[in-house]
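The following exercises are to be worked through with the sequence and the three-dimensional structure in view. Each task is followed by a solution in steps.

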Amino acid sequence: MATSPFFRDLIIMRTLLDESVVNSRPWVSLHLDDPGDTGANEMPQDEGYERHQVGLVRIAPGTVTNAEILEFPDLPEARINYFGFWMERDSGPFILGGPIV
């Protein structure tokens, strides 16, 4: 899983300040190819797709889940292979991304 420098800094900051990343509400993105550490290859947002905000819930030490089911009903037909997390709805900073399995 690729992580951005922003995410690594966020983890360090949150750990040092004893804050939980779980309390943040990141935005989920869908990607046609590997987003790398910049969020590349995201579905175009002008084709009926937009990022969705998630509410992460801790279910066990080191394990979180989304509080709600995410649905993307207006997606154009495409092969979505990767996901990403962002701090904002329409722009950066990119947090991390990985393959959908």
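In strand β6, G84 is the bridge partner of S29. This is a predicted model, in which local features need pLDDT of at least 70 and side-chain atom pairs count only at pLDDT 80 or more, while totals for chains, interfaces and linings use all residues. Residues are numbered from 1 along each chain as its sequence is written, and side-chain values use heavy atoms, with hydrogens and water left out.

**Exercise 1. State which elements the protein chain has and in what order they run.**

Step 1. Helices (H or I, at least four residues) and strands (E, at least two) are DSSP runs, numbered from the N terminus.

Step 2. By this rule the protein chain has one helix and seven strands.

Step 3. Read from the N terminus, the order is β-α-β-β-β-β-β-β.

**Exercise 2. Find the strands that pair with β2, and describe how β6 continues the pattern.**

Step 1. Two strands pair if DSSP finds at least two bridges between them.

Step 2. Strand β3 (residues 52–53) is joined to β2 by two bridges, and the two run antiparallel. Here H52 is the bridge partner of V28.

Step 3. Strand β6 (residues 82–86) also pairs with β2 in the antiparallel sense, over five bridges.

Step 4. Five bridges link β6 to β7 as well, again antiparallel. In this pairing P99 of β7 stands opposite Y82.

**Exercise 3. Explain why β2 is described as largely enclosed.**

Step 1. Buried means under 20% relative accessible area, exposed over 50%, and partly exposed in between (1.4 Å probe, protein chains only).

Step 2. Strand β2 comprises residues 27–31, and five of the five are buried, so the strand is largely enclosed by the rest of the structure.

Step 3. Both faces are covered: W27, S29 and H31 are buried on one side, and V28 and L30 on the other.

Step 4. For β7, five of the six residues are buried, so this strand too is largely enclosed by the rest of the structure.

Step 5. Over the 101 residues of the protein chain, 32% count as buried.

**Exercise 4. Identify the residues of the largest nonpolar core and the elements that supply two or more of them.**

Step 1. A nonpolar core is a set of buried Ala, Val, Leu, Ile, Met, Phe, Trp, Tyr and Cys residues joined through side-chain atoms within 4.5 Å.

Step 2. The largest such core has 11 residues: F7, V28, L30, M43, Y49, V54, F72, F83, F85, I95 and L96.

Step 3. Two or more of these residues come from each of β2, β6 and β7 (94–99).
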